[in-house]
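Please read the following points with the sequence and the model open beside you. They move from a helix to a few loop residues, then to a sheet, and end with the confidence of the prediction.

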Amino acid sequence: MDYYKLFNLEKEPFSNTPDPDFFYSSSRHAECLQKLEIAIRLRRGLCIVRGEVGTGKTTLCRQLIQTLSNDESMEVHLVLDPGFEQTGDFAAAVNEMLTGREKARSCSTFAQHKEMIKNHLFAAGVDQGKTIVLILDEGQKLPSGCVEFLRELLNYETNDYKLLQIVIFAQNEIMDLLYAHSNFADRAALYHHLQPLNRKETAQLISHRLQKAGKQPDNRSGPHFTRRALARIYRISRGYPRSIIHLGHNILLLLLIKGGTRVSPAVVARAAAGLPAVKKTPPAGSGHRAVWISAAGLLLAAAVVTAYAQWPVSGESENKNKASAEKPAPTAVTQKTAAANHKIKRESDPPQPEKPANLGQVRINQNEKLWNMLNRIYGICSPELVEKIQKANPDLDNPDRISPGQKIILPVIKSRPVESGQQYWIAWKKSGDLNRVYQFIFDNGSKKLRVLSYWDPSSGLEHAAVDGRCYARYADAKKALAAAGKASLPRPVIVDLSGDEIRLFSGFQNS
């Protein structure tokens, strides 16, 4: 059902398939793609890209394949699901992709597959000068035996380069696998942690997809998202592309029911109510949320069918688009490229944000004491700390007398690396704005929640409302997240501090 034609669109703007044509090159995704391409062309060996579910890893994977397809010296192979039960089956699958089905079937043992792969890598990589790339999606599914097999393949090299380029896209669970196979993790020439989009990029993603799907750049008959609606989408999706796309699809379906094109915050809230994967924001005045969620799907489906039945469409165009949409994706892709001596433009990496001197500003609440605020933000309070706060706030004459509404600047007091066992935290609120996180803690009246302020070179200064429990393993944090999600507070998230050069700015210690 080509519902998008009702909005004068040629394609579905919020399709959940990883179509490279709809790839939005955010600064984070562009940086990752550029680093991957440089590492592959330099034949550095192993590259690992990890991120939470819905950050756009699969779309980035497909975009990388499309980018490399302009060079006939590249030989690219894709494994969609590396979760093989037997290492021998994995070796056979890799051998079949590299050498062909007939040659691979002549091998009957794991050792024979490995030997044939080695011979092919030397013949193609050295004699023919090809760059052979093996890309694995869903890399967190790799069994231990397959990891060891990949490590052995990385041993095939010349004095100048690796013969096989391995790129792994994986969810954060792969961290446990890397901890267990440090000799494999140490071989990574590139390790990139993919982050969600920020508020500006969220709006740009929506605009980019609508323009790509439209018949003309300025489609006035198409959906129009207000600024407040875009802000609501970011708050609900938290910048995760998959959540943004699912929410955008539901928004368009809801517009068909309403018979309009303007997307307001209320429309966004209603569309989000039918999505279990994102934080639900019920429309104002709704007192029967459970009834609304259970009926939302049936209401949307029935109304769209009715609206579509009354709308004239071109049968020929519909069948063409339908046939294209139903074309199945291959389980293993081999792409050989077409232009020789292709050189990429190696631009310098985007500048990283500078480390701040202040954590931010916090607004004083009614009947609030400065000492309580400092305890929640720094984890400690002392006369020395109060003195530093006064130096940063010349107007603060008497720390014992602070007025509601007054704003206090909170400086960075100390910086320390993330200690062992403190890489993962559960956060009930996360933002680059210190006041938002602090007001969340104050409004909930929780005595356990504190502010965790940290510096990530890829995203800058961030703040999170945490309860003090931290974890050394992502798997443990994920279990705690599932249990914490049953609490009365909003849905929490995992804060990942396992990246390089991350620094803690708050004095909060694990209790």
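1. A residue is called buried if its relative accessible area is under 20%, exposed if it is over 50%, and partly exposed in between (1.4 Å probe, protein chains only). Helices (H or I, at least four residues) and strands (E, at least two) are DSSP runs, numbered from the N terminus. In helix α11, 13 of the 18 residues are buried, so this helix is largely enclosed by the rest of the structure.

2. This is a predicted model, in which local features need pLDDT of at least 70 and side-chain atom pairs count only at pLDDT 80 or more, while totals for chains, interfaces and linings use all residues. Residues are numbered from 1 along each chain as its sequence is written, and side-chain values use heavy atoms, with hydrogens and water left out.

3. Helix α11 covers residues 241-258 and reaches 25 Å from its first C-alpha to its last, which is close to the 26 Å expected at 1.5 Å a residue (the expected span is 1.5 Å times one less than the number of residues). After α11 comes G259, with a positive phi near 75 degrees.

4. R43, in the loop between α1 (27-41) and β1 (46-50), has a positive phi near 55 degrees, and R43 is buried at a relative accessible area of 16%. R238, in the loop between α10 (227-237) and α11, has a positive phi of about 60 degrees, but R238 counts as partly exposed, at 28% relative accessibility.

5. Six strands form an open sheet with antiparallel pairing, in the order β11-β16-β13-β14-β12-β15, where two strands pair if DSSP finds at least two bridges between them. Because β11 (416-417) and β15 (493-496) each have a single partner strand, they stand at the edges, and one side of each is left without a neighbour in the sheet. The partner of β11 is β16 (residues 503-504), joined in the antiparallel sense over two bridges, and R416 has L504 of β16 as its bridge partner.

6. What does pLDDT tell us here? It is the predictor's confidence in each residue, from 0 to 100. The chain averages a pLDDT of 79, and 79% of the residues score at least 70. Over residues 277-352, however, pLDDT stays under 50, and for this stretch the model has 97 contacts beyond four places in sequence, a contact being heavy atoms within 4.5 Å.
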